[in-house]
Amino acid sequence: MELSGSFFNAAWLVGFGATLAFALWQALRWAQWQWLAEERRMHVFFGAVVSLMLLWSLRTEVQPGFAWHLSGMVSVTLMFGWSLAVIAGCLSLAGVVVAGLSDWAGFAPSAVLLVLLPATLTQAVLGIVRAYLPKHYFIYVFVNAFFAAGLIAVVGALVTTAVLLAVGASTLDKLRETYLLFLPLMFFPEAVLNGWIMSLMVGFKPAWVRSFRDDEYLDGK
């Protein structure tokens, strides 16, 4: 989801900007640059940035200044980790803004909702699943990728709805008619997209997926 900066007053924009600045500082500080430089992963990283830009250009305008599209951030986070995923998402969003599909004023709110929120939730789900469920290929794909992606899409939609209502950018009745009516349908396409991507990645290029190791998920299973 992307939001125009015209929805927010100065206080909201400062809050979103401060949140994003802190997250980016942490991401740049803890990013695994050495891992990214190995085995041509840098090419994969920038390929993911471009892929997100293309995916986010396929959008539906719910109302002027509010666009919905598939995210793909779950796959990027599973592939590169939280830090690099946040950086990749912000680069992709900047590309979308430069292309004229969004405005710079809405960059920080959109980045928090579209990039930071799903990346953080994905990392949290991954940690919980690793702690309490067996390390198995099908658990990794169906829980961490498929189910988590659908669930995070719904959570993101609800958080965005709450933000729109809080800033007075829309009414609940209007969102019910144009957005919340289709909320259950948001689960499946996001789940299928990320489940399909991660199935291919761990099946053919596991070295490109930082959260997946053959010795943990496949050997002896």
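Which residues lie nearest the centre of the largest cavity? Before the close-ups, a word on the model: this is a prediction, where local features need pLDDT of at least 70, side-chain atom pairs count only at pLDDT 80 or more, and totals for chains, interfaces and linings use all residues. Residues are numbered from 1 along each chain as its sequence is written, and side-chain values use heavy atoms, with hydrogens and water left out.

**View 1. The largest cavity and its lining.** Met 1, Ser 71, Ile 152, Ala 153 and Glu 190 are the ones nearest the centre, out of 17 lining residues. On a 1 Å grid over the protein atoms alone, a cavity is a set of points where a 1.4 Å probe fits but cannot get out, and lining residues have an atom within 4 Å of a point. Two or more lining residues come from each of α4 (73-98), α5 (107-132) and α6; α6 gives the most, with four. Helices here are DSSP runs (H or I, at least four residues), numbered from the N terminus. The lining splits into 12 nonpolar, four polar and one charged (Ala, Val, Leu, Ile, Met, Phe, Trp, Tyr, Cys and Pro count as nonpolar, Asp, Glu, Lys and Arg as charged, the others, Gly among them, as polar).

**View 2. Helix α6 meets helix α8.** The axes of α6 (residues 137-166) and α8 (residues 187-204) come within 7 Å and cross at roughly 150 degrees. Axes are lines fitted to C-alpha atoms, for helices over the stretch in contact, with angles from 0 to 180 degrees between N-to-C directions. The two helices are therefore roughly antiparallel (an angle over 145 degrees).

**View 3. The largest pocket.** A pocket is an open set of points with protein on both sides within 12 Å along at least five of seven lines. The largest one has a volume of about 290 Å³. Of its 14 lining residues, Ala 48, Ser 51, Val 76, Met 79 and Ile 197 sit nearest the centre. Helix α3 (41-57) gives the most to this lining, with six residues, while α4 and α8 each supply at least two. The lining has 10 nonpolar, four polar and no charged residues.

Technical notes. Parallel < 35°, antiparallel > 145°, perpendicular 65-115°, else oblique. Points joined across faces, edges and corners; volume = space filled by probe spheres on them.
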